[in-house]
Amino acid sequence: MIDEERGVIHGIGVVPWADTTRDAVLSASFLGVHVHEFTNGRWTRTRVTAGDSSPWPETGASEVQVGQIGSERFVATIEPWHGHQVVVYRVQAGASQATWNRHVIDATLEDGHTLVVADFDGDGRDEIIAGERRGRQSVYLYQLGKRSSGWTRQVVDDGDMAAAGCAVSDVDGKNRLDLVCIGTATANLKWYENISP
């Protein structure tokens, strides 16, 4: 498909992008975040962001997801590679092209390794889930304030989930999105039931 990549691609996301009639592929790597689109019979690759600019190999991003704040799209990453930052990119207001502004919403992770985005409380504004495999071995939820006044962090699991991967699904069929995570160093699998009203 693409032979231009250097280093390792880690995070992959399949999302609608410019052409909403077909999905595109987002990739996170040492070189940042790219969107791969299939148009006119061929794949094109466009950089969305370079990610963290630290020296190689602690550079770029290792996880990427796309979320919504109402009708506005945002891109969430973990930076740099298996890094300590949860980052949100939002399009600059009034920009003629997609100019993404970078906002570090947390810089305290240790070995950040999973990232999911979903609207857990049903308000039309996606929350971000991030997990870390080392350090506190915890899972966090980030929520944007009601007036876009900044992201707040809530602890989902404190010290018993070295989250290597998380997924979102309505596990119990109650029409609310739940969270499921698998831990490596903690050797566990957990379902976090969404009990929001």
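Please keep in mind that the model is predicted. A search of the whole structure turns up one cavity of 30 Å³ or more, and the largest pocket holds about 320 Å³ of space. The whole structure also has twelve salt bridges, and a cis peptide bond joins Glu79 and Pro80.

**The cavity**

- Rolling a probe the size of a water molecule over the atoms shows where empty space is left.
- Two strands, β2 (23-29) and β3 (32-39), each bring at least two residues to the lining of the largest cavity.
- Strand β3 gives the most to this lining, with three residues.
- Sorted by class, the lining of the largest cavity holds four charged, three nonpolar and one polar residue.

**The largest pocket**

- If you are looking for open space, the largest pocket has about 320 Å³ of it.
- The lining of the largest pocket counts 17 residues, and those nearest its centre are Phe120, Leu141, Gln154, Val156 and Asn194.
- Strands β10 (127-132), β11 (139-144), β12 (151-157) and β14 (178-183) each supply at least two residues of the lining of the largest pocket.
- Strand β12 has the largest share of that lining, at three residues.
- By class, nine nonpolar residues line the largest pocket, along with four polar and four charged ones.

**Salt bridges**

- Arg90 and Glu72 meet through their side chains in a salt bridge, at 2.8 Å from N to O.
- Arg90 belongs to strand β7 (residues 85-91) and Glu72 to strand β6 (residues 72-79), so this pair ties together parts that are 18 residues apart in sequence.
- Arg90 counts as buried at 18% relative accessibility, whereas Glu72 counts as partly exposed at 25%.
- Another salt bridge links the side chains of Glu132 and Arg136, at 3.5 Å from N to O.
- Glu132 is buried, with 0% relative accessibility, while Arg136 is partly exposed at 37%.
- The side chains of Glu193 and Lys174 also form a salt bridge, at 3.4 Å from N to O.
- Glu193 sits in the segment after β15 (188-192) and Lys174 in the loop between β13 (163-169) and β14, so the pair ties together parts that are 19 residues apart in sequence.
- Glu193 is partly exposed, with a relative accessible area of 38%, and Lys174 is partly exposed at 47% relative accessibility.

**Surface residues**

- Ile9, Ile12 and Val14 make a nonpolar surface patch of about 270 Å².
- Ile9 is part of strand β1 (residues 9-16), and its relative accessible area of 37% makes Ile9 partly exposed.
- Trp56 lies in the loop between β4 (42-49) and β5 (63-69), where Trp56 is partly exposed with a relative accessible area of 43%.
- The C-alpha atoms of Trp56 and Thr184 are separated by 26 Å, and these residues are 128 residues apart along the chain.

**Backbone details**

- Most residues other than glycine have a negative phi, and most peptide bonds are trans.
- The peptide bond between Glu79 and Pro80 is cis, with omega at about -20°.
- Asn40 is not a glycine, yet it has a positive phi of about 50°.
- You will find Asn40 in the loop between β3 and β4, and Asn40 counts as exposed at 81% relative accessibility.
- Gln137 likewise has a positive phi of about 50° without being a glycine.
- The loop between β10 and β11 is where Gln137 is found.

Key: Residues are numbered from 1 along each chain as its sequence is written. This is a predicted model: local features need pLDDT of at least 70, side-chain atom pairs count only at pLDDT 80 or more; totals for chains, interfaces and linings use all residues. Side-chain values use heavy atoms; hydrogens and water are left out. On a 1 Å grid over the protein atoms alone, a cavity is a set of points where a 1.4 Å probe fits but cannot get out, and a pocket is an open set with protein on both sides within 12 Å along at least five of seven lines; lining residues have an atom within 4 Å of a point. Grid points are joined across faces, edges and corners, and a volume is the space filled by probe spheres set on the points. Helices (H or I, at least four residues) and strands (E, at least two) are DSSP runs, numbered from the N terminus. Ala, Val, Leu, Ile, Met, Phe, Trp, Tyr, Cys and Pro count as nonpolar, Asp, Glu, Lys and Arg as charged, and the others, Gly among them, as polar. Patches are made of residues with over 30% relative accessible area and no salt bridge: like charges are joined within 9 Å, nonpolar side chains (Val, Leu, Ile, Met, Phe, Trp, Tyr) within 5 Å. Accessible areas come from the Shrake-Rupley method with a 1.4 Å probe; for residues, only the protein chains shown count as cover. A salt bridge is a side-chain nitrogen of Lys or Arg within 4 Å of a carboxyl oxygen of Asp or Glu. Buried means under 20% relative accessible area, exposed over 50%, partly exposed in between (1.4 Å probe, protein chains only).
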